[in-house]
Each structure stands twice: as structure tokens, then as C-alpha cells.
Amino acid sequence: MGWAKFQQRCKNFAAKLYFSISGSALKQGENLSSDGENNTSPAMSETLRRAAREGAVLLKNRNTLPISGKFALFGRGQTDTFYTGYGSGGDVIKPYRVSILQGLERGGAALVEPVKEAYLKFSEQHPVSHGCWGNWPRYFPEMPLSSELVEAARAETETAVVVLGRAAGEDRENELKAGSFYLTEEEKAMLARVTAAFPRVAVVLNIGSVIDLSFLEEYNISAALLLWQGGMEAGNACADLLLGKANPCGKLADTVARAYSAYPSSQNFGNAAYNDYAEDIFVGYRHFETRAKGDVRFPFGFGLSYTTFAISANYGNGVVKFCVKNTGERAGREVVQVYAEKPAAAHAPARELVGFFKTKELAPAEEEQGEIVLDDRAFSVYAEGCGFVQFGGTYRLYVGADVRSAEEIASFELQERIAEHASPLSYAVKIPPELAKTAKHCAFSDVAAGKATLTEFVASLSDRELEALAYGAMKMDSPLGASGNAGVMGGTTAELRARGVPPVTMTDGPSGIRLKTSSSLLPIATLLACTFDPALVEEVYRGVGEEMRARGSHVLLAPAMNMHRDPLCGRNFEYYSEDPLLSGKIAAAAVRGLQNAGVSACPKHFACNNQEFNRSHNDSRVSERALREIYLRGFEICVKEARPHFLMTSYNKINGVYAHYNAALVNGILRGEWGFEGCVITDWWMQKGSCPEAGKRKNNAARVYAGVNVLMPGGGYLGKKYQHGGLLKKLNKKGHLTRGELQKNACEILGAILKTAAMGSEKSEK
Ligand code: BGC
């Protein structure tokens, strides 16, 4: 371990010790092994099973899948299946979980019994331990395989399936080591034995982030199914696909490169103090398709099916019209992907995803026609100090079923023009004037009932009440909210509750609801992105929203939508993709699902939280263009299309300024330019600091100035004890926070609370 890593470990330890002593213990992780009451609806189980199978990606298939006869199932992941990743984003008490073995047995698979028995016994004798926060296992050691067992199995069948599992999480990066990005010696020995004996070997990858897949070529492996971590229905989904009850239709949301060193971020990832985003806009396939085609093992958008499709398309007036025909013998779904190439003057990637469409299930010989409308952004790039610019020159469009094989369907000339102006990355907030005093004493319920305006109510709040609104209720698992909550904001004091402001309960996401009661465990976000199916993701989160209402959670701290900049990021499983359009569309669907169910969404972590190591100190150094085209783009799509009620900033700095003090980002771009009208909260606790434009405002005053409304969960800086109250000490003094700013802050918070399910709920009456 290097010195920086050692220091970081010490800091993390100190922070956790503080929180446990002060009663704010990070409870994350304790739900890992527990199963709760089965309170999931059959409809939700069915939706999650469908999602889990529709996001699985068939990478390779030489006459092996689906399997019709008997087969031998190897790898302890069959019993010790990884259902999700670690940390706040996966820590859900599951109502049940179906392992790969259970799923296959329920699905009627004919398994070689002695092999199954050997794994069941091994798992029982070597139970897995999940360890503690930040030290969770990335893999489980394999059972040594005897040649007798393999030979006995081979006597019964020619087909074998091998399950390989990996996990990582919050505060737990993937590592460039055996047992994480690479196979262990025991796993290699297992593959060597099995592939030497069986002519047909399918590998099931039960993983949360891309790993090194060179072994697919090094051993005689005839099929590979990227199952991901499929949530509580993982095993059933796996069985549906392996046994041919369903046809794989997932597509890669990330490029799989031939080697880690080929990833454009690999030289600038994992540093303690800062990472230079030297690859700029050339993230993932944008790099590979432009500069390094030979480094790709499986291209972005790729995924096989048990059937075949023919796609034809043409383009005119901003619209791609397509026709997809199932040319094979099984029903299946296909994803039409549209990529644009801009003129050389734009210095843009060779191909960029500008639209996609997933067909319905097409029977053999059936066709589906449709349209994909391209907006201005499809043809513009971000020019610093100017905005989104369409360069003059030749544009080309490619359509197909992955980025590499997509074929040119049109080429046309466009004139140079400014497509959209944008606000710069430095931002001076105009200080809002103080609201005129109002004689009217109204309650918050009067605002909800339309009998008073929000500004009238806010004008009537005392300084103390305005200040209290700017903090959460001090600890995680607040007694003001449903048990096991991540925090509560809004009516955090008796005075505020007396005025009718309800306490608002926030719970993690994204893989379900993290409470002390059980809730459905979803497939990981990456899998959901691989469905390329916003309608399905919306249905999934509508179900989550209904569960939230039943359990008293008002805001889901999800979707998590940082970019897959590097395959080693521990939280990649919570995030969607290396592509911002796909991330944005899937996140927007998740927000719509939640909010249409009557609860609120809180997309996170805004922005550039693309590494876990030292995340609360690390500086993401990134160009304005890469910010706009890659790291902010998904948030922009989500905010503009789905209007989330809340949004969470990230722990890290962006070009030297912490996200929670970043006035340019929050008040400038998010609110000013994108029209976000909701409430912005910090990630849990924050670092001290300020931003260059904030005058004498520091820490929480600078945060409010920047437009970040609420410190969550309240009660401290990361690792340091702190009492509320600091905001009023220098109120209205020259260069310091003003009452007008606190009122604007309160308007934004209360405006969002009005939209939550907390309005009218029991606790608000207390
Ligand atoms: C994570 C957030 C999470 C919060 C509350 C933080 O450590 O970064 O994603 O929502 O904790 O659990």
C-alpha cells in the first residue's frame, strides 16, 4: 500500500469511528446478508425477472446456448451468487433471493447431480463472509476441482456451464489483481480442467463492472453470458436465458477492451489528490472507435441473440426511419442504434450515440418500423466560452446493432452556427433581495391548499427557521423518519413542524429501498442500462415508488448516474454507462417511474464522482468541453426530460472547487441554464471550503450561496463534530450570507417538499 493510500485508510477509519461514537454510525452494510419478510408483489417480481434477463448480454455463442439437455454446473457462484454491489447503493434487505442454482433447478434444468452436490457441500462448509464496510470480498474462493469429478460429469454430458463472480462497491474499488479485474489461479485451474474435458463450455459472468475477458479466448470457451448482478431474481433470469425460455436482448453499455491499459483513463485513475481527465471527451468507445479499434474485445452496443435481425434505415429532416425484421427462427428483440460522425473541424469522436430504439418482441419474419428523432445536440459540440456549436461541413449517420457494425445511411452538409448559448464555468450569483415582510401568518398547509403563496410563507419564517431548513435532521436513521432511513430534511425542528413543514424521509437507492424492512432488490444499474429500454426501467422504478409509499419513504437517493470512466471504479454497478445519452435516457426513465408513483427522485452525484478512492478529497480535473459533453450531459437529459424534485452533489472537487460549493455548476448550469427548480442536497456530510465567487462566505454559507440547499444528513463535516447555528452569526454583514439568500434557499427547499409524498403524511402533524 502506498503512503497516500495508507493516509486515506487512516482518515476513513477516523471518520467512521467519529460517526459511530457520535451516534451517526454508518449503518450501510448491515443489510447485506439478511433476507426479510417477502412483501414483494408478484407483479414486481415478474418485472424484475424480465429486467434481469433483458439486461443480460450474450457475448459469445458457438452452438452452445440455449441448452436443451443435461449439463454440469461449475463455479461456487451458482450457490453464492452476487445479487448486487456493496455500500449504500446495494444495501437492501431482500425479501428473497434466487441463486443461479435455485433458478436453474426451478426452471427444470437437467443438472449433473454429483457436481451440484459437491458445490452445495463446499458452500455449506465454507460459508461466505461479507466482512465490514469497505473491506467486502471481491470474490469468493473457488472449490478445488478434482479430475474424478470432472470426468464423472463428462461421462454424463458434453456441456458445462461455469459461473464466475465478482463484486465491488462504495469505498471499495475493483483492483488490478487476481480476484478482481483478473481471474484467480483457482478459477484458471477450474477453466482449464472444464474446457479440456467438455466440448461445449458456457461461462456465466456474475459481475458488477467490466473485468478482463481475455480468458474467453485463452480457454476453449464456446459461449459467454454477461449476467451482471441481477438482483433478487438473478437466478430465475439466468435460467430463462440458458434454457431458452427467453432470448437474450441486452446490449453492452460499455466497451470491453482487450486490456486494462487500453482504457483511455487508465493512466489517470486512482490517484489520491487529483485525476487529470487527460482523455477529455474520448471516454470509452469515443476513444476506441476513433483511435484504437484494435483494442476492443466487444464493442459498445454489442449483444448477440438466439435469432438474427436485418435493420434498414434512411434519414431526412432530422428523422431516422428504420425497419427491423426478425430473420431467424426464434422470437426476440433488437436495439436500433444511431451514431453520428461530425466534420473534422469539430474534433469529435468518430462515432457518437445520438439515438436508440428497442423493438417489441418480434416473431420470426415479423417486422417493426419506427422513427428516431434527432435533436440539435446530435450535430453540435461544446465550444468553450461560446456554447454548443454546429461546425460547417459533412455529417454522416450510421445505423446498426452496435457501434462498430453500424452502417452509413446518410451523409449531408450543414452550415456553421451557434446551436445554443451556455453559461460559463465561473458564476457570480446575483444576491436575491430580502422578501417584503408579510403581516399574514400562514401555515405551510395553506400554501399546499393554494390559500397562500410560497413567498408569503417564507417571508413569515424567522431566521432560525430559515437556518434550520438548510440542514438535515443530524443523523442517519433519524427518529423523524421510517426506520433505517438515510436521513430526514424539512420539518426537522418542532417550530418548523408546528408551522406544518413535514419531515421528509430520504432512503438509498438505487438498487431498492434501504430501510430496516425488506424491499425488492433490483438488478444493478449497469444491467438496467444494458436493456436499452427506458420503458422497462420506468416500470421497474414505478414499482419501487409504490413500495416506497407503502414503507413511508418519500425520496429515493437515486438514480446514481456518474460515468463509467474507468472499469475499476467500485461504484460502477450503481451507474449506467460510459455513454451520457444512454445514461441520461435511462436515468430519466427511473425518475419518471418514481415520480409518477407519487414519490420523489434524487439523481446523484453531481458531478464527476467517478472514483471511490479518496472521493471526498479528490479533484476531478476536466475540461469544460468534456464536462458538458460527457459528465454533465446525462444529468442535463435527466433534469430536462424528467424534472426530478431533488438532486445530490458529489463529494469530490471539480477543477479545484468542491461540488457542494460550486456556484457555477449548481446555480449557474443546473438552475440557470437547465431550469432545475428543485432542492439540491449535499452527499452525506461535506468538507469545509468555499468557492471563488462567494465573498467572505465559508462552509455552509458558501454552500447556500452556491445553491446547494441542504447539508445532509446534517450534524457535521466529514469526520468532525459540528453544531448547527453557524449561518446566522454573520448574517447580512458585508460580504456574508444575507437573509435574502436564506429565503431563496428556503423557497427552493419548500417548493420541492410541496411535491413530496410527505405532504399530509402523519409525521407532519406532530
Ligand atoms: C453515498 C450516497 C448515499 C449517502 C447516504 C453516501 O456515502 O455517497 O450515494 O446516498 O451516503 O447513504
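View 1. For Asp683, the distance from a side-chain N or O atom to an oxygen atom of the ligand is 2.6 Å. How many residues are around the ligand? There are 15, and Glu170, Asp508, Arg571, His605 and Asp683 come nearest.

Because the model is predicted, local features need pLDDT of at least 70 and side-chain atom pairs count only at pLDDT 80 or more, while totals for chains, interfaces and linings use all residues.

View 2. H4 covers residues 113-125, which makes 13 residues, and its first and last C-alpha atoms are 18 Å apart, close to the 18 Å expected at 1.5 Å a residue. That expected span is 1.5 Å times one less than the number of residues. Helices (H or I, at least four residues) and strands (E, at least two) are DSSP runs, numbered from the N terminus. Which residues of H4 are buried? They are Val115, Lys116, Tyr119, Phe122 and Ser123. These residues sit on the same side of H4 because they cover an arc of only 130° around the axis; the arc is taken from the directions from the helix axis to the C-beta atoms. An α-helix has 3.6 residues a turn, so residues three or four places apart point the same way. Look to the other side of H4 and you find Lys121, Glu124 and Gln125 exposed. Buried means under 20% relative accessible area, exposed means over 50%, and partly exposed is in between (1.4 Å probe, protein chains only). Among the elements that cover the buried residues of H4 are strand S2 (72-74), helix H3 (100-106), helix H5 (147-154) and helix H6 (185-197).

**View 3. Strand S10 between two partners.** Strand S10 (residues 319-326) is mostly covered, with 6 of its 8 residues buried. S10 pairs with strand S9 (residues 309-316) in the antiparallel sense over 8 bridges. Strands count as paired if DSSP finds at least two bridges between them. S10 is also joined to strand S13 (residues 367-373) by 7 bridges, again antiparallel.

**View 4. Asp566, a buried residue in a loop.** Asp566 lies in the loop between strand S21 (555-557) and helix H16 (580-596). Is Asp566 buried or exposed? Asp566 counts as buried because its relative accessibility is 0%. Its side chain makes a polar contact of 2.7 Å with the side chain of Ser265. A polar contact is a pair of N or O atoms within 3.5 Å; within protein, one must be able to donate a hydrogen and the other to accept it, and residues adjacent in sequence count only if both atoms are side-chain atoms. Leaving aside neighbours within four places in sequence, Asp566 is in contact (heavy atoms within 4.5 Å) with Tyr260, Ser265, Ser266, Phe269 and Asn572. Asp566 and Gly284 are 282 residues apart along the chain, yet their C-alpha atoms are separated by 8.3 Å.

**View 5. Ser620 in strand S23.** Ser620 lies in strand S23 and counts as buried because its relative accessibility is 3%. The side chains of Ser620 and Tyr277 make a polar contact of 3.1 Å. Beyond residues up to four places away in sequence, Ser620 touches several others, including Asn275, Cys608 and Asn652.

**View 6. Two cis peptide bonds.** Ala607 is in the loop between strand S22 (600-601) and strand S23 (619-621). Another cis bond joins Met712 and Pro713, with omega about -10°; Pro713 is in the loop between helix H20 (699-706) and strand S28 (716-717).

Definitions and conventions: Residues numbered from 1 in each chain as written. Heavy atoms only, no water. Near = heavy atom within 4 Å.
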